[in-house]
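Please read them with the model open.

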Amino acid sequence: MAVATARFLQDHTLLPGPVVAYRTSVDGRPLPSGRNGELAVSVLADLFAALGLAGAARVPGAATDERSQWLQISHALLRHARERISSRTAPSEPYPVRAGFTDAAGFMLLLNVGAELHRSSGSSESAETAEWALDQLLGDGSDGSGMWRRDAWWEYRPDDDGDRDTLLARHRTPGHLLEMTWMVADAAEAIPSLGPRIPAWLPDLAVRALELGWDQEYGGIFRYVDADGGQPRGRLFGDDRYEVLVQRTWDTKLWWVHVEALYATQRLAAEFDRADLREWRDRLCAYTLDTFPEPRGGEWTQIRDRHGRPLDEVVALPVKDPFHIARALLLITELDSERNPL
């Protein structure tokens with residue numbers, strides 16, 4: 001299945017740039033997704049394609065020449081994505097990053113894809129990209145140039161201090177932060193030279209995200225919160241789609257937030273020997289398995305309201321999205337088997 005999917009991506013989605021089509025028809029015809037009929041509208045989609053192709057290149061069922069082609073494509077996609085993220089020209093539909101702000105999501109994926117591509121290729125380019133992305137998140141530790149500190153982080157960092165009072169600058173996405181923390185630990189495992197760069201306070205930041213994001217009344221992690229907790233607030237630009245999304249959906253409970261947090265807490269608890277993160281892991285496990293999977297198994301309702309009731313809504317695209325669930329549960333299973341071999 002991995003090989004067939006990689007072949008589909010190579011044959012039907014790869015476009016000049018290189019970039020990938022955001023959507024295709026069932027038979028692989030790229031479909032317009034941008035407001036002016038553009039086919040490639042998200043650097044995040046490009047990086048997910050690079051991630052998948054890098055993984056498929058490790059599958060024994062692929063021919064040697066195919067694996068080589070997929071690694072070449074992955075490197076090209078990663079390189080082009082980094083160029084555009086660095087220059088802040090990368091598209092990110094359906095919610096473009098507003099001019100004057102730097103977002104964390106691009107750095108997160110460059111780090112993760114760089115590490116996975118390094119696992120497949122051992123290339124210095126992939127390692128250097130992962131290192132660069134980590135530096136963007138951490139900064140130099142003293143001048144506030146990074147996205148993270150021990151007790152706080154930016155989702156959208158404003159260029160102008162005068163915009164710190166805006167909702168875009170004040171909002172936080174706890175699920176993203178937790179996802180990024182395990183990706184940092186994972187990147188250091190794939191690229192040992194990154195290990196000395198990982199701050200000892202990484203688990204403290206994860207705990208801060210959990211404390212800030214946890215709904216004390218109904219349980220679960222809010223989709224978005226304010227920098228000081230609770231409903232996001234701040235000055236509005238009034239013409240930004242993402243502002244509307246944050247305001248409208250801040251208190252919803254999403255599947256990906258919880259499974260990523262579940263793996264992050266389990267991994268960081270083990271690596272840093274943190275009892276508090278083990279307690280968070282147990283709390284998250286109980287809430288997640290009680291809330292998202294259907295009782296008969298198989299399906300997960302991906303978006304719930306604050307009380308945990310299913311919502312008939314979509315997130316980004318009207319498609320089933322098993323990615324986060326499958327990845328997190330597989331990674332948890334691998335972690336369990338490493339710590340407790342049969």
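A cavity here is a set of grid points where a 1.4 Å probe fits but cannot get out. The model is predicted.

1. By that definition, the structure holds one cavity of 30 Å³ or more. About 30 Å³ of space lies in the largest cavity.

2. Which residues line the largest cavity? They are L9, Q10, T13, L14, V20, A49, L53, I73 and L77. Two or more lining residues come from each of α1 (2-12), α2 (43-56) and α3 (64-87). By class, the lining has seven nonpolar residues, two polar and no charged.

3. Helix α2 is mostly covered, with 10 of its 14 residues buried. These are V43, A45, D46, L47, A49, A50, L51, L53, A54 and A56. The cover over the buried residues of α2 includes α1, β2 (19-20), α3, α4 (105-121) and α12 (323-339).

4. The length of α2 agrees with expectation, because 14 residues at 1.5 Å a residue should span 20 Å and the end C-alpha atoms of α2 are 20 Å apart. At the start of α2, a side-chain oxygen of S42 comes to within 3.1 Å of the backbone nitrogen of L44.

5. A62 sits in the loop between α2 and α3. Is A62 buried or exposed? A62 has a relative accessible area of 5%, so A62 is buried, the cut-off being under 20%. Leaving out residues up to four places away in sequence, A62 touches V3, A56, R67 and W70.

6. A62 and F107 are 45 residues apart along the chain, and their C-alpha atoms are separated by 30 Å.

Definitions and conventions:
Residues are numbered from 1 along each chain as its sequence is written. This is a predicted model: local features need pLDDT of at least 70, side-chain atom pairs count only at pLDDT 80 or more; totals for chains, interfaces and linings use all residues. Side-chain values use heavy atoms; hydrogens and water are left out. On a 1 Å grid over the protein atoms alone, a cavity is a set of points where a 1.4 Å probe fits but cannot get out, and a pocket is an open set with protein on both sides within 12 Å along at least five of seven lines; lining residues have an atom within 4 Å of a point. Grid points are joined across faces, edges and corners, and a volume is the space filled by probe spheres set on the points. Helices (H or I, at least four residues) and strands (E, at least two) are DSSP runs, numbered from the N terminus. Ala, Val, Leu, Ile, Met, Phe, Trp, Tyr, Cys and Pro count as nonpolar, Asp, Glu, Lys and Arg as charged, and the others, Gly among them, as polar. Buried means under 20% relative accessible area, exposed over 50%, partly exposed in between (1.4 Å probe, protein chains only). Contact means heavy atoms within 4.5 Å. The expected span of a helix is 1.5 Å times one less than its number of residues. A polar contact is a pair of N or O atoms within 3.5 Å; within protein, one must be able to donate a hydrogen and the other to accept it, and residues adjacent in sequence count only if both atoms are side-chain atoms.
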